[in-house]
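Hello,

Here is the structure I promised to pass on. Have a look at it first, and then read on for what turned up.

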Amino acid sequence: MPNQKTLTDVALPQLAESLVSATIGKWLKKPGDPVEQYEPICEVITDKVNAEIPSTVDGIMGELLAQEGQEIQVGTVICRIETAVEAAGSAAGDTSLATAGPGSTVAPAPSLAASDGTQRSRYSPAVQTLAAEHGLDLRQIAGTGLGGRVTRKDVLAFIERGGAASAASASAGAAASQPTQPSQQQPAQPGAASAAAAPVEPAPYAAPASAIPAGLNAAVSEPVRNSGLHLTETPRIPTIEVENGDRSEYFIDVTPIRNTIATRMRQSVSEIPHGWMMIEVDVTNLVQLRNKLKDEFKKKEGVNLTYLAFLLKAVVGAIKDYPIMNSVWAVDKIIVKRDINISLAVGTEDSVMTPVIKKADQKNIAGLAREIEELASKVRSGKLKLDDMQGGTFTVNNTGSFGSILTQPIINYPQAAILTFESIVKRPVVINDMIAVRSMANLCLSLDHRILDGVICGRFMQRVKDNMESYSLDTQVY
């Protein structure tokens, strides 16, 4: 029975509860291209993260109703996909297309695989989920999608050929025989990065050699910066689109993400009267405690025990005592949030992300360390979702990984405050009229002066300091 053609509208979905619009970043499919159900057809850019919009049906891409760079409201039709339906005798609820034989419209032509592989390393959520279920390395699968992209059909075909059984051994052999390359898929070996190749991403600070007591230096076997949101892979080099210029200058296109960051930063600075204060903390006991526990914790949990986990616990404890720190300005009222959701400021090669640890007050130090590692993994693989970025009530940033000792951060709008953790350095301090060498760090707070004043913030910072200095070798992380 011959098939009839019909057009199916694809609308911009509600990616998050608070999302009302998004910008079309890039179309991954062009009119006439075959499209599989769940295969990404375009990238959209929101205030938080990039997301891919999947196809809802199998078919052929039809008319594109939205242009790249255009802001679209949720629910607006962005394109139409041509699908085939049987003229008669079709089974109820059967929406799939034939995958073989005359009239098939979903099998991508081999000629669509671009030779340059510009899309080769981009994987849809459906492809990533399928690969994870079967333990596959997607780099070993030949892609037939746009630009050499791996599709769901490619993964299924690879599994049918017995690829799942041989993938693990092939990956192990490749890892043993090939040196680590500076790619976004392969993490660098510990200690491989030189000082010249400074990380570009903020990280929970791991104390430099000078910040660790001399008696403990012999036990330190890991690199200086190796924990928390600091990526263990060689940072990716951003692709820069350069327009025509002259020898004295060149132009870089402002991406939608960078434009969103600029808008948010301008809004924060123009609407929020920023105040700032700093307090220094003696973290000598914390350094000793972490060095005592980190190796055993790594073996038991498989994640790093970072300084940031201890800091977050101290901050959460202080917010419990001073809930007004966990609030937002609402013109005629101040809204105090009951849940303590900590945003972590994380820089990538071309933007700043603020993934959120939800209900941080209900987690112990070990739980916070696991959350940090999970967010780090999502940042490395580019799998942050809108839900991972929503709901933050207080932001913690770490500039100590760059050697910074004083920072004046911009508040993560519309929150009331942001705290930065600076470098841990050894300094001579006076204790009981005697000079001692201690590991010291500065904590810097930017505050919304509409909500917060010096008295409440001073008490809050003192409580964070007390919590940090109360750590001892007997402190439990569980």
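K363 and E371 join their side chains in a salt bridge, with N and O 3.8 Å apart. Please keep in mind that this is a predicted model. In total, the structure holds 15 salt bridges.

Another of these pairs is K358 with D387, whose closest N and O atoms are 3.8 Å apart. K358 sits in the loop between β17 and α7, while D387 belongs to helix α8 (residues 386–389), so this bridge ties together parts that are 29 residues apart in sequence. K358 counts as partly exposed at 30% relative accessibility, whereas D387, at 53%, counts as exposed.

E63 and R80 also meet through their side chains, at 3.6 Å from N to O. Since E63 is in strand β6 (residues 59–64) and R80 in strand β8 (residues 77–86), the pair ties together parts 17 residues apart in sequence. Both are partly exposed: E63 has a relative accessible area of 48%, and R80 has one of 27%. Together with D9, E63 and R80 are linked in a network of salt bridges.

Now to the helices. Helix α7 (residues 365–381) has 17 residues and reaches 25 Å from its first C-alpha to its last, close to the 24 Å expected. Its buried residues include I365, L368, I372, E373 and V379. The buried residues of α7 pack against helices α5 and α6 and against strands β14, β15 and β17.

Helix α4 (residues 256–271) has 16 residues, and its end C-alpha atoms are 22 Å apart, in agreement with the 22 Å it should span at 1.5 Å a residue. Which residues of α4 are buried? They are I257, T260, I261 and S268. Looking down the axis of α4, these fall within an arc of 100 degrees, so they line one face of the helix. The face turned away from that buried side carries the exposed residues R266 and S270. On the buried side, the packing partners of α4 are β4, β5, β11 and β16.

Strand β11 (residues 274–282) is also where you will find M278.

The accessible surface comes to about 24200 Å², with 53% of it belonging to carbon and sulfur atoms.

Best wishes

Conventions:
Residues are numbered from 1 along each chain as its sequence is written. This is a predicted model: local features need pLDDT of at least 70, side-chain atom pairs count only at pLDDT 80 or more; totals for chains, interfaces and linings use all residues. Side-chain values use heavy atoms; hydrogens and water are left out. Helices (H or I, at least four residues) and strands (E, at least two) are DSSP runs, numbered from the N terminus. The expected span of a helix is 1.5 Å times one less than its number of residues. Buried means under 20% relative accessible area, exposed over 50%, partly exposed in between (1.4 Å probe, protein chains only). The arc is that of the directions from the helix axis to the C-beta atoms. Contact means heavy atoms within 4.5 Å. Accessible areas come from the Shrake-Rupley method with a 1.4 Å probe; for residues, only the protein chains shown count as cover. A salt bridge is a side-chain nitrogen of Lys or Arg within 4 Å of a carboxyl oxygen of Asp or Glu.
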